[in-house]
Amino acid sequence: MYFTWALLLALNVHDRRWRWAFIIYAVLMAFATVACGEHYFIDVIVAIPFSFAGRTITQSRTFASAYAYTAKAEIDPIMPYRRMGAFRIQALTIEPPSRRKETDEIRRLPELEQPARFDSYINPRY
Amino acid sequence: MLAYALAGFAVIMLASCLRIFLFSLVPIAAATGWLRPATIDGHLRMLDLVLGFDGFALRLWLVRIGGYQGVPPIYGSLIFAMAKAWALERSRILLRSALSGALLAIPLYLFVPAGPEYAFSNLPETSGALVPASWIQPRN
């Protein structure tokens, strides 16, 4: 598993310099797992296609869309309820007038000026 | 932000010491040990020797030249490498593949139990005998 993770790092990092660094790290990790006595050499060989298979599966469209739904649900906890359309959570919350005004101002801002959310920390390119 | 980073680092280090996840896997490992008491270490060791790669000899050689001290830090530095890779690109594919790889590996660990560190009594001596597997024996 350690070698698999090290290999996944080398496969998924796109920066050329760091990619070489992670490839060297994966090779060192392969020797380290065998030398530590945690795994056999055959385990390391099996881990290579296992890593590629895992990466291919996670790149598939079905997996990505399912993950996107769960990731969005984590960011917005009431999103599943909104999708159900049963009721609007916001209508049930009682906000003081000052806070309500502040919230309305934020809602009126253009999309680009909205405050950063958690998902903006995830690079959408990869 | 630095305070949050330091707090997160402290939590990760504490969790590493407590082995919370290992404790949570004990019931599953115990059940597997009861259902499948025999490990396949002997076969895997033979397969290694057939392929011409002797892990025990590699360890003995590293100990002899004094290079073995550098091996455990490499093995233990994975968490920092993963943090660096995440900090570099914040790749969703990396996140997904690391998580799914770990989940896919659990059945492999449980149903194909093996690991020379736990199976051979006097590793890395090449004459090491296989230790009989008990139901609670750590499996790698």
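This is a predicted model: local features need pLDDT of at least 70, side-chain atom pairs count only at pLDDT 80 or more; totals for chains, interfaces and linings use all residues.

Q: Which residues have the most contacts inside the largest nonpolar core?
A: That core has 31 residues, and the ones with the most contacts inside it are A:Phe3, A:Ala6, A:Leu9, A:Ala26 and A:Met29. Elements giving it two or more residues are α1, α2 and α3 of chain A, plus α6 and α7 of chain B. The largest share, 9 residues, comes from α2(A).

Q: What makes B:Gly55, B:Phe56 and B:Arg59 of helix α4 of chain B count as buried?
A: A residue is buried if 20 or more other C-beta atoms lie within 10 Å of its own. In α4(B), residues 55–65, the ones that qualify are B:Gly55, B:Phe56 and B:Arg59.

Q: Why say that the buried residues of α4(B) line one face of the helix?
A: Looking down the axis of α4(B), they fall within an arc of 105 degrees, so one face is what they line. They pack against α2 and α3 of chain A, along with α3 and α8 of chain B. Turned away from that buried side are the exposed residues B:Ala57, B:Arg64 and B:Ile65.

Q: What follows α4(B)?
A: B:Gly66 does, with a positive phi near 80 degrees.

Technical notes
Residues are numbered from 1 along each chain as its sequence is written. Chains are lettered from A and ligands numbered from 1 in the order in which they are written. A nonpolar core is a set of buried Ala, Val, Leu, Ile, Met, Phe, Trp, Tyr and Cys residues joined through C-beta atoms within 7 Å. A residue is buried if 20 or more other C-beta atoms lie within 10 Å of its own, exposed if 12 or fewer, and partly exposed in between; C-beta atoms are placed from the backbone. Helices (H or I, at least four residues) and strands (E, at least two) are DSSP runs, numbered from the N terminus. The arc is that of the directions from the helix axis to the C-beta atoms. Two residues are in contact if their C-beta atoms, placed from the backbone, lie within 7 Å.
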